[in-house]
Amino acid sequence: MNKPPLVTHWPITPPTAGIVAYAAASMRRKLHPSSIPPWPVPFDSSAELDWGNPEYARRLLREHLDQSHDGASRRRTVVAGQVRRLRRLLPSSPARILDAGCGPGLYAVPLAALGYSVTGVDVSEAALRHARGVASRAQLLGKVRFVKGDLRSVALKPDSFDSALLVYFVLEAFPRALQPEVLRRIATALTPDGTLIAELRLRPEQPPGRIDWWDVVPNSLLSDRRHLLLGDAVYDQRRHTYVLREIAIHDDGSVSVQQTSGWLCPFGSIPRLFARAGLPNVTMFDGWTGSAAHALSETVLIVARRRRP
Ligand SMILES: C[S@@+](CC[C@H](N)C(=O)[O-])C[C@H]1O[C@@H](n2cnc3c(N)ncnc32)[C@H](O)[C@@H]1O
């Protein structure tokens, strides 16, 4: 993604007008540019990225594996360092690990190579297929398996994992009301002294307000053909929401829109969020460092236990 060339800021007042027409047009797949709401609305179901949609999932895999940016997944060199950090936080192998929202298995496969018994769960069939292929070529299919499942509904056997991972801001993509349920579902799959390691973002990489940009691109998450790509991102600090929206306009005039939203749990509320999910014992690190997290941390790595060790 190119750097936004234009930055504007003004008080956030989410729009209401036009959203109904916009949602209806999206469903009919005849979207007119003038019916798109001027401000993206967090978790607007008519525009929110459907991670499991095969077309999006196929294009998203391209972004996951692209080594020129850290858009959907991080670059391999960064992942390698983080796997070393995880090894210090995880129980020793051969512990059973759930990688929730595993994507193309960038963490699951190296952990299996270290002797862990790993189960990756994701909604993206394209990402899972890729992960299985990598594991197969590394002769690790006995140590790692990849299961298609939605973290909002997947049936996880109680007490079946020693540890679970939620890496690269998987949790924030669920609305505030759903986050405790997603955590609870994972927590009950842990053994009584199991740990959940979750990476959370406290704030996006932009100041509060809105930034806009545009570019002509050969392809994007929205399309495989050359198009005009408009982007905007809104960080509402008061509501703790962040929306990144992209709009593709093709030469034939067709338009498509998708966005990803996040609810960013405030620093002081993190222990309560995890406690509500049955994980009352929380240690918070400043990102992937070994230092304690603080209110100015941009990201935090949470190590949450069902009970005191
Ligand atoms: C930012 S990517 C991170 C992938 C992986 N953890 C990594 O760091 O490489 C988010 C992942 O969450 C998955 N995801 C999104 N919503 C999901 C859901 N409801 N259930 C399961 N997986 C989901 C996406 O398909 C995607 O692979």
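Tutor: A residue is called buried if 20 or more other C-beta atoms lie within 10 Å of its own, exposed if 12 or fewer, and partly exposed in between, with C-beta atoms placed from the backbone. Helices (H or I, at least four residues) and strands (E, at least two) are DSSP runs, numbered from the N terminus. Here, β12 is mostly covered, with 5 of its 7 residues buried. This is a predicted model: local features need pLDDT of at least 70, side-chain atom pairs count only at pLDDT 80 or more, and totals for chains, interfaces and linings use all residues. Residues are numbered from 1 along each chain as its sequence is written.

Student: In what order do the 7 strands form the open sheet?

Tutor: Two strands pair if DSSP finds at least two bridges between them. In this model the order is β4-β3-β2-β5-β6-β12-β11, with mixed pairing. The edge strands, β4 (144-148) and β11 (281-286), each pair on one side only.

Student: At what angle do the axes of helix α2 and α5 cross?

Tutor: Axes are lines fitted to C-alpha atoms, for helices over the stretch in contact, and angles run from 0 to 180 degrees between N-to-C directions. Angles under 35 degrees count as roughly parallel, over 145 as roughly antiparallel, 65 to 115 as roughly perpendicular and the rest as oblique. The axes of α2 (residues 54-65) and α5 come within 7 Å and cross at roughly 50°. The two helices, α2 and α5, are therefore oblique to each other.

Student: Which residues make the contact?

Tutor: Two residues are in contact if their C-beta atoms, placed from the backbone, lie within 7 Å. From α2 come P54, A57, R58, L61 and H64, and from α5 come E125, A126, A127 and H130.

Student: Which residues are closest to the ligand?

Tutor: A residue is near a molecule if its C-beta atom, placed from the backbone, lies within 6 Å of it. Here 19 residues surround the ligand, the closest being W51, S73, G101, G103 and Y168.
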